Amino acid sequence: PRPPCELLGIENFLAHGSWGSQDSEGEFPAVLTLGEMDFSFSLAVAQLRPAGTPLVATSFLGEHDPNEKEVHPADDGERAAYRRVSLPGMKGALQKNIDGLNFLGAQVLHSVDATDLEGTLRTQGIDGGFHIVVFPFPRFSLSRAPNPNNSRLLRDFFTSAMNGVVLPGGLIQLVMLSSQYEDWDVNGMANDVRLKLSSRVQLPPTFYQPREMSGKPWTPPGAELLTFEVGDLDPQ
């Protein structure tokens, strides 16, 4: 279950992210980001590319509702029971980053389920495929206890992305803690759908601001970007 690739240093992060790389015709890759909270990851990606290059940034939660109270769970019991419908405002960070994405010509969508892209992304008018699909810090719930649903989430995401969303020869990426690779059986979930891990690289601590579902910022210890290559085979 261990990663088949060595972990590369921070200096390799942007090169292996590939979001700012041009192809032989000078075109930038079409990128889809999933599971955003304050959209700071998507904004960091957008700032690596010229304005107007294809980037669709999405959140699992719905559009911010100021009437939904922002609560930060204080213990594991509260974390296990925590539920939220709309994005928290995060002291203005949410709208600031969305404004930045709009200025750079990116498209921002809400209520997109990474495990059902056909039913929640395509239905919002997004056609065609993407060269890169990236999901920073996927997690089934706020609970820190071991949960097999985290592995199931990854497998369902891989399957959904490979159902015409990521282009043949494209990349699927995860941002995860190093410890989660074995705990969540990432290798097994990827093998199930014929994905091949091509690189692992350390996440620079200043690239973006990770947040919990409650909107609370956190600093991930030992995080890395995992990049998987997509072949021409249908995962089914």
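**A tour of the sheet and its pockets**

Begin by selecting strand 6 (residues 166–177) and strand 8 (residues 223–229), which pair in the antiparallel sense over seven bridges; strands are DSSP runs of E with at least two residues, helices are runs of H or I with at least four, both numbered from the N terminus, and two strands pair if DSSP finds at least two bridges between them. This is a predicted model, in which local features need pLDDT of at least 70 and side-chain atom pairs count only at pLDDT 80 or more, while totals for chains, interfaces and linings use all residues. Residues are numbered from 1 along each chain as its sequence is written, and side-chain values use heavy atoms, with hydrogens and water left out.

Within this pair, pick valine 175, whose bridge partner in strand 8 is leucine 225.

Of its 39 lining residues, Phe137, Pro138, Arg139, Phe140 and Met213 are the closest to the centre; a pocket is an open set of points on a 1 Å grid over the protein atoms alone, where a 1.4 Å probe fits, with protein on both sides within 12 Å along at least five of seven lines, and lining residues have an atom within 4 Å of a point. Helix 6 gives the most to this lining, with four residues.
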